[in-house]
Amino acid sequence: LYTIKFEEVSERTMDQLDPSPKVPGNISFKVKPETNIMSKLVDEYPIRMSRDVVITNVSVYKTPLEAFGIGSGSQVTPIDYHAFVVMETNAGIYISLERNKEDVYMGCNQISRKKIVNNGPSMRARKKPVTLLKQDTSNYRMDELLKVLEKESNTKYDINNNNCQHFAKKIFDKAAQTEQWDFKPPKGFFEDIGEKVVGGVAFLATGSIAVAS
């Protein structure tokens, strides 16, 4: 059994592996320290969007990680999956937030919750199944969310301490009114994940590429 550390799939790699057509009516962009998020949102939704917009519902979803040799993706252990957050607002705009490697992505649409749930960075179709993990009502203001995203865009990716799941927990726990997403992976879990693979499976996990022979 050989275990090789790796970094999460980049946007370019995701596009190569999943050439699904882009969904009209959606926007998606990287949130960088220099990004003026509100300007982008107001440009797209000039009447609906402002700093006073309120998030009314927040959810955490999971989707399979990209896999090599086994097609559409496989979850081998309880926590080797990609996590992302979906929000509904009182402006009729749906928002998705997620971390992929060093980058934080924001997606929006005014079509439906289903569209934003099923389409990820670059508005490409997500791997199936997409599963709801946690949901709660919210009264979080857009200006509060923007401050959190500005801070997160300055944080460094770390496979054990600041990956997509840690990011999703931070966002969900801040926005949710009564719930918290209980995500507590064991220290060093992702570095050791290869030891949990059985039966000749090769997969791309949130922490390692494990090849059993």
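Before we start, one term: when I say that two residues touch, I mean that they have heavy atoms within 4.5 Å of each other. Please also keep in mind that this is a predicted model.

Let's begin with Leu149. Which residues does Leu149 touch, not counting those up to four places away in sequence? They are Val31, Ile37, Leu97, Val104, Met106, Phe167 and Ile171. Leu149 belongs to the largest nonpolar core, which has 38 residues, and together with Met87 and Met106 it touches the most other members. Where do the core residues come from? Strands S2, S3, S4, S5 and S6 each give two or more, and so do helices H2, H4 and H5. Apart from this core lies another one, of seven residues, including Tyr94 and Ile116.

Now for the sheet. Six strands form an open, antiparallel sheet, in the order S2-S6-S5-S4-S3-S7. S2 and S7 stand at the edges with a single partner strand each, so one side of each has no neighbour in the sheet. On average, neighbouring strands are turned by 20° against each other, ignoring direction.

Let's zoom in on one pair. S3, residues 54-63, runs antiparallel to S7 over eight bridges. As an example, Val60 has Lys134 in S7 as its bridge partner.

Finally, two helices pack on this sheet. Helix H2, residues 37-44, touches S2 and S6, and its direction makes about 170° with that of S2. Helix H4, residues 142-152, touches S2, S3, S4, S5, S6 and S7, and its direction makes about 120° with that of S7.

Definitions and conventions. Residues are numbered from 1 along each chain as its sequence is written. This is a predicted model: local features need pLDDT of at least 70, side-chain atom pairs count only at pLDDT 80 or more; totals for chains, interfaces and linings use all residues. Side-chain values use heavy atoms; hydrogens and water are left out. Two strands pair if DSSP finds at least two bridges between them. Helices (H or I, at least four residues) and strands (E, at least two) are DSSP runs, numbered from the N terminus. Axes are lines fitted to C-alpha atoms, for helices over the stretch in contact, and angles run from 0 to 180 degrees between N-to-C directions. A nonpolar core is a set of buried Ala, Val, Leu, Ile, Met, Phe, Trp, Tyr and Cys residues joined through side-chain atoms within 4.5 Å. Buried means under 20% relative accessible area, exposed over 50%, partly exposed in between (1.4 Å probe, protein chains only).
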